[in-house]
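Dear colleague,

Please find below the structure that I am handing over to you. My notes on its cores, helices and pockets follow it.

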Amino acid sequence: MNPLQCTGQVEGGVAQGIGWSIIENFLMDAQGKVTNPTLRNYRIPAFSDIPRTEVYFATTTDTIGPMGAKPMSESPVNPVAAALANALTDATGIRFVKLPFTPPRLFEQLRSSVAGRDRATA
């Protein structure tokens, strides 16, 4: 109905997906208490963290929605983590499955993989 509003919704969803996938890290201790409950200790994406996003919409209509409209919601969030995981796999040959893809987590899995290959060839 409003292309600019829908474009903003997609861009916001992509930003959320990037945050959940590589930046945000909700931490809990062994008792389940949140150890980073404030924004001072919890990083969220800033404008500079988000790449330029190009949004294209298919020109279709929905027979159920008012005046042919379709729902928008938060669907742009869904593919971001999978796309980033696939990019990491393409780059490293290792499947990363635990979010967020933080540098320490990636390094540990890369190190474990290299150590496993070294043991296998020894």
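Contact here means heavy atoms within 4.5 Å. The structure is a predicted model, in which local features need pLDDT of at least 70 and side-chain atom pairs count only at pLDDT 80 or more, while totals for chains, interfaces and linings use all residues. Residues are numbered from 1 along each chain as its sequence is written, and side-chain values use heavy atoms, with hydrogens and water left out.

Ile18, if its neighbours within four places in sequence are set aside, is in contact with Ile23, Asp49, Ile50, Pro51 and Val80. Ile18 also belongs to the largest nonpolar core, whose six residues are Val10, Val14, Ile18, Ile23, Val55 and Val80. A nonpolar core is a set of buried Ala, Val, Leu, Ile, Met, Phe, Trp, Tyr and Cys residues joined through side-chain atoms within 4.5 Å; buried means under 20% relative accessible area, exposed over 50% and partly exposed in between (1.4 Å probe, protein chains only). Helix α1 (residues 3-23) gives the most to this core, namely four residues. Apart from this core lies another, of five residues, including Ala85, Ile94, Phe96 and Leu106.

Helices (H or I, at least four residues) are DSSP runs, numbered from the N terminus. The 21 residues of α1 should span 30 Å at 1.5 Å a residue, and the 29 Å between its end C-alpha atoms agrees with this; the expected span is 1.5 Å times one less than the number of residues. The buried residues of α1, among them Gly13, Gly17 and Ser21, pack against α2 (78-92).

In the loop between α1 and α2 is Ile64, which is exposed, with a relative accessible area of 76%. Ile64 and Thr92 are 28 residues apart in sequence and 45 Å apart in space, C-alpha to C-alpha.

The largest pocket holds about 430 Å³ of space. Its lining comprises 13 residues, of which Met1, Cys6, Phe57, Ala58 and Thr60 are the closest to its centre. A pocket is an open set of points on a 1 Å grid over the protein atoms alone, where a 1.4 Å probe fits, with protein on both sides within 12 Å along at least five of seven lines; lining residues have an atom within 4 Å of a point. Its volume is the space filled by probe spheres set on the points, which are joined across faces, edges and corners. The second largest pocket, of about 150 Å³, is lined by Glu11, Ala15, Phe47, Ile50, Pro51, Arg52 and Thr53.

Yours sincerely

Technical notes
Helices (H or I, at least four residues) and strands (E, at least two) are DSSP runs, numbered from the N terminus.
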